[in-house]
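Dear colleague,

Please find below the structure that I am handing over to you. My notes on it follow directly after.

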Amino acid sequence: MSEYENILLERSGRVGTITLNRPKALNALNFGLMQDVVSAATELDNDPDIGAIVITGSERAFAAGADIKEMSEKTYMDMYLGNWFRGWDTLAAVRTPVIAAVAGHALGGGCELALLCDFIIAADTAKFGQPEIKLGVIPGIGGSQRLTRAVGKANAMEMILTGRTIGAEEAERAGLVARVVPAGELLDEARSTAETIASMSAPVAMLGKELVNAAFETTLDSGIRFERRVFHSVFALEDQKEGMAAFIEKRKPDFKHR
Ligand code: CAA
């Protein structure tokens, strides 16, 4: 099992699951939890036997935000010189696909953590919000940028300026989550989706992730040029030969992840 204090880390087949585990604080994201998540995700990312990662919380809370008690007395210099939340950028840079499986509260930094995963599968109990404004602060783990890209200006503005929480159905309509499932099926659904991804060629899945992320950072023309170069480059992979041969021979491909 896990050698981490604030999370559980499990491996099953080619899927790694990170479960946030500070139940008394509704998985509030303190410094230790951030370090544990980042280090476990990096460990999984470096493991050639892992092809997808699931990050989840509890039934009650995915995460209720950054740890307010840890931050409340901090000064500007503490935040600036400590480069507070910098660790989360390392998680965003993980190349292995990451699914957030969200039940219960995903608020503030919790919503932002879900958003920095590649996509979200939500339980029907999930609640998303950016309530920082009620604390006299603003989102600090990418929410103002990633939420806006996910749900558009009007929805993001309303959520960030009023602190209004939205339920799973509304989050699905807004494009924040890929799919809503009954709460009791969340982990199974997330893991089976992760297994599907992990059964594909790992380098191809990584390249697909990189390409979709590029769509948020570049022009259409540059993005399409980048896609074309990457598309050409996958013909250097054994997995491309295997995938296409398997189709023609009417059998399942046996990807070697190279
Ligand atoms: N930080 C620290 N502790 C937290 C926490 C947080 N973000 N959220 C919950 N907790 C703690 C509570 O203090 C409480 O601890 P005690 O039992 O020691 O008092 C415990 O978790 C259980 O919480 P509640 O009793 O409040 O549970 P509830 O069911 O009544 O309410 C809730 C649940 C609506 C999620 C409520 O806890 C809440 O509003 N939490 C704060 C949400 C929030 O404002 N998040 C944004 C944080 S700032 C941020 O995230 C900045 C950023 O951009 C990164």
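In which helix is Leu-81 found? Leu-81 is found in helix H3; helices (H or I, at least four residues) and strands (E, at least two) are DSSP runs, numbered from the N terminus. At 65% relative accessibility, Leu-81 counts as exposed, where buried means under 20% relative accessible area, exposed over 50%, and partly exposed in between (1.4 Å probe, protein chains only). Leu-81 and Ile-166 are separated by 85 residues in sequence and by 34 Å in space, C-alpha to C-alpha.

Please note that this is a predicted model, in which local features need pLDDT of at least 70 and side-chain atom pairs count only at pLDDT 80 or more, while totals for chains, interfaces and linings use all residues. Residues are numbered from 1 along each chain as its sequence is written, and side-chain values use heavy atoms, with hydrogens and water left out.

Helices H5 and H6

Two packed helices are described by the angle between their axes and the distance between the axes. Helix H5 (residues 109–116) packs against helix H6 (residues 143–162) at an angle of about 60°, and their axes are 10 Å apart. Axes here are lines fitted to C-alpha atoms, for helices over the stretch in contact, and angles run from 0 to 180 degrees between N-to-C directions. H5 is therefore oblique to H6; angles under 35 degrees count as roughly parallel, over 145 as roughly antiparallel, 65 to 115 as roughly perpendicular and the rest as oblique. From H5, the contact (heavy atoms within 4.5 Å) involves Glu-112, Leu-115 and Leu-116, and from H6 it involves Gly-143, Arg-146, Leu-147 and Ala-150. These residues divide into four nonpolar, one polar and two charged. In this classification Ala, Val, Leu, Ile, Met, Phe, Trp, Tyr, Cys and Pro count as nonpolar, Asp, Glu, Lys and Arg as charged, and the others, Gly among them, as polar.

Eight of the eight residues of H5 are buried, so H5 is largely enclosed by the rest of the structure. Among the buried residues of H5 are Gly-109, Gly-110 and Cys-111.

Arg-146 of helix H6 is partly exposed, with a relative accessible area of 30%. Not counting residues up to four places away in sequence, Arg-146 touches Ala-92, Leu-115, Leu-116 and Ile-141. Between the C-alpha atoms of Arg-146 and Phe-216 there are 9.3 Å in space, although the two residues are 70 apart in sequence.

Gln-130

Is Gln-130 buried or exposed? Gln-130 is buried, with a relative accessible area of 0%, and it is found in the loop between strand E8 (127–129) and H6. Its side chain makes a polar contact with the side chain of Glu-132 (3.1 Å). Such a contact is a pair of N or O atoms within 3.5 Å; within protein, one must be able to donate a hydrogen and the other to accept it, and residues adjacent in sequence count only if both atoms are side-chain atoms.

Helices H9 and H10

The axes of helix H9 (residues 202–214) and helix H10 (residues 220–233) come within 10 Å and cross at roughly 170°. H9 is therefore roughly antiparallel to H10. Leu-207, Glu-210, Leu-211 and Ala-214 of H9 make the contact with Phe-226, Glu-227 and Val-230 of H10. By class, this contact has five nonpolar, no polar and two charged residues.

Leu-207 of H9 counts as partly exposed, at 23% relative accessibility. Not counting residues up to four places away in sequence, Leu-207 touches Val-230 and Val-234. The C-alpha atoms of Leu-207 and Thr-56 are separated by 24 Å, and the two residues are 151 apart along the chain.

Most residues other than glycine have a negative phi. Phe-85, which is not a glycine, has a positive phi of about 80°. Phe-85 is placed in the loop between helix H3 (76–81) and helix H4 (86–92) and counts as buried, at 16% relative accessibility. Lys-250 also has a positive phi, near 55°; Lys-250 lies in the segment after helix H11 (238–248) and counts as exposed, at 78% relative accessibility.

Thr-19, in strand E2 (residues 15–20), counts as buried at 14% relative accessibility. Among the residues that Thr-19 touches are Asn-6, Ile-7, Thr-56 and Gly-57, not counting residues up to four places away in sequence.

Yours sincerely
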